[in-house]
Amino acid sequence: MNVLNFNPKHCERIRSQLDAYLSDELLVETTSEVLNHLETCEDCSRELDSRTRVREALRRAVAKQSCPEGLREAVHERLRAAQSGYFMGLRITSWAVAVAALALVMFAGAASQQWLRVRRGRLLVSSVLALGVSDHVQCAIKGHNYPEVANPPDQLRAKLGPEYAGLLQVVGARLPGFQVLEAHICSVPGSPRKYVHFITRGRGTILSVILTKRERESLPAGRFLVAETSGGINLYKAHMDEMDVAGFESKDYFGFVVSDLGQNEVLQIATRLAPAVRNALAETIGAAESEAPVPVLYPDRVLRGILDTTERTGATGAGRIGGSGRLEC
Amino acid sequence: MFYRPKIRVEDFEAAAMPHLADLYRSASLLLRDASQAEDLVQEVYLEAWKSFHRFEPGTNCRAWLFKILFHRLHHLRRRLIKASKVEGFASPTDQDNIVAEPPVPQEIRDDDILLALEKVPVEFREVVLMADVEDFSYKEIANTLKIPLGTVMSRVSRGRKLLRQELADLARDYGIRSEDEDARKGGSA
């Protein structure tokens with residue numbers, strides 16, 4: 001190479017262009033000028049060679065840097081996870097969507113069936129509890145069929161008859177703070193249904209304990225319906241016609257505690273009373289009762305039976321009984 | 001008009017995965033931490049996948065990925081600088097003090113040049129890597145780093161010079177004479 005460099009300033013200017021030249025970023029005219037200079041200047045040519053060598057060394061060294069083995073797979077996995085249509089690493093296909101939709105429909109169906117069962121169950125519970133409320137309102141409240149001073153126990157036992165006389169002591173013992181004013185067998189006009197009715201007074205109000213024979217009816221079980229369980233007996237509560245009622249059933253009887261003390265208070269009293277009443281009824285009547293809770297049983301015919309009875313007697317609530325208030329005691 | 005065609009991850013991978021190694025190497029050399037680089041690259045691919053619907057087929061997928069890489073890298077560096085864990089940008093005035101052209105060893109070992117590169121401030125290191133290793137044009141670099149073209153030119157130039165300086169320093173430390181020194185010795189003899 002002919003090396004004749006007589007112009008250091010020109011070299012300086014060319015060297016300032018060398019990086020752009022190396023990156024092929026110069027205009028054609030400038031590139032030509034640089035090339036012309038390099039052909040005649042050994043120093044600048046060596047400088048370019050030096051820079052080129054560093055550049056090539058850098059490319060080579062970086063290219064040898066290996067990519068971690070697991071990186072590709074890690075990226076792949078993260079992309080799959082992030083991909084729409086994937087859930088927990090599984091691809092959601094149309095059939096999966098269909099299965100999910102079917103499951104949803106089945107769930108909705110089951111839920112609506114359950115809701116219907118609960119609704120029917122509540123209707124049945126209300127109908128049964130209304131029996132107790134109607135007798136309490138009709139006989140004790142409207143009829144005022146109790147004395148201001150409690151009748152003697154012997155007289156009450158006589159009214160109850162030998163079948164239920166033994167219950168007087170049970171009711172008296174299980175209702176601390178209440179005095180049994182009256183006990184009798186009564187009925188509501190227009191209905192053959194008989195009620196064993198204990199009228200008590202305590203805590204500033206009147207409270208009735210009422211028993212009536214079950215026919216084919218049965219109170220339904222289920223956690224949405226049962227308010228409390230005591231000694232294997234399911235207890236139910238309701239507030240109707242301004243009265244609070246708690247009800248239960250034994251083998252052959254429905255039992256009710258009715259007052260205006262508040263639902264929880266009445267339920268507590270019924271909880272204490274129910275097992276003892278059940279046992280007393282079993283002893284008195286001589287029929288052993290099962291300890292097991294009554295199974296769910298409220299087919300249409302049973303519900304119809306209850307509703308027929310309450311409609312016939314007008315006992316869907318004390319307010320609907322009618323104005324006569326006459327009792328057949 | 002609201003319909004957006006479904007994009008398959010396979011299509012994205014076909015376009016983007018070939019550049020994985022390049023992205024990792026750049027991330028690794030800029031962060032100087034292999035583990036952080038791996039995480040960063042994964043994040044880049046996730047972000048790229050999420051915005052792949054905006055990517056125009058036929059345009060430069062590699063440049064697009066690098067743009068995301070540098071965007072995330074700068075974000076990461078800003079966070080780390082706040083925590084005073086990494087170097088900040090070198091002061092340009094420091095670089096102005098480099099006047100003499102440093103002599104470069106004739107034989108450049110891979111380890112040496114990578115070690116020298118590590119010592120180059122990151123703002124220069126990134127443009128040198130993009131220009132000399134990844135072969136991006138100055139315009140692409142300016143677009144990716146969102147800096148003026150003139151700044152790219154000056155940083156490339158200064159970055160390369162710093163790299164040569166570091167290499168020369170290493171060579172001096174090793175007692176290796178550069179070819180220039182040899183030439184000078186030969187000339188004076």
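Which residue forms a salt bridge with Arg46(A)? In this predicted model, the partner turns out to be Glu42(A), with the closest N and O atoms 2.9 Å apart. Both Arg46(A) and Glu42(A) sit in helix α3 of chain A, four residues from each other, or about one turn of the helix. Counting over all chains, the structure holds 27 salt bridges.

Spanning residues 42-63, α3(A) has an axis that comes within 11 Å of the axis of helix α9 of chain B (residues 149-174), and the two cross at roughly 85°. An angle from 65 to 115 degrees counts as roughly perpendicular, so α3(A) is roughly perpendicular to α9(B). On the α3(A) side, the contact is made by Glu47(A), Ser50(A), Arg51(A), Val54(A), Arg55(A) and Leu58(A), while α9(B) brings in Arg160(B), Leu163(B), Arg164(B) and Leu167(B). Sorted by class, the residues of this contact are five charged, four nonpolar and one polar.

Now for the interface as a whole. Here 34 residues of chain A are in contact with 45 residues of chain B. The size of an interface is often given as the accessible area lost when the parts come together. For chain A and chain B, about 3800 Å² is buried between them, with 59% of it on carbon and sulfur atoms. Within chain A, the residues losing the most area to chain B are Arg53(A), Leu58(A) and Leu79(A), which together make up 17% of what that side buries.

Seven salt bridges are found between chain A and chain B. One of the salt bridges in the model joins Lys64(A) to Asp110(B), whose closest N and O atoms are 2.7 Å apart. On the side of chain A that touches chain B, at least two residues come from each of α1 (8-22), α3 and α4 (69-82). The largest share of that side, 14 residues, belongs to α3(A). By class, the side of chain A that touches chain B has 15 nonpolar, twelve charged and seven polar residues.

Methods: Residues numbered from 1 in each chain as written. Chains lettered and ligands numbered in written order. Predicted model: local features only at pLDDT ≥ 70, side-chain atom pairs only at ≥ 80, totals over all residues. Heavy atoms only, no water. Axes fitted to C-alpha atoms, helices over the stretch in contact; angles between N-to-C directions. Parallel < 35°, antiparallel > 145°, perpendicular 65-115°, else oblique. Contact = heavy atoms within 4.5 Å. Nonpolar A, V, L, I, M, F, W, Y, C, P; charged D, E, K, R; others polar. Buried area = accessible area lost by both parts, 1.4 Å probe. Salt bridge = Lys/Arg side-chain N within 4 Å of Asp/Glu carboxyl O.
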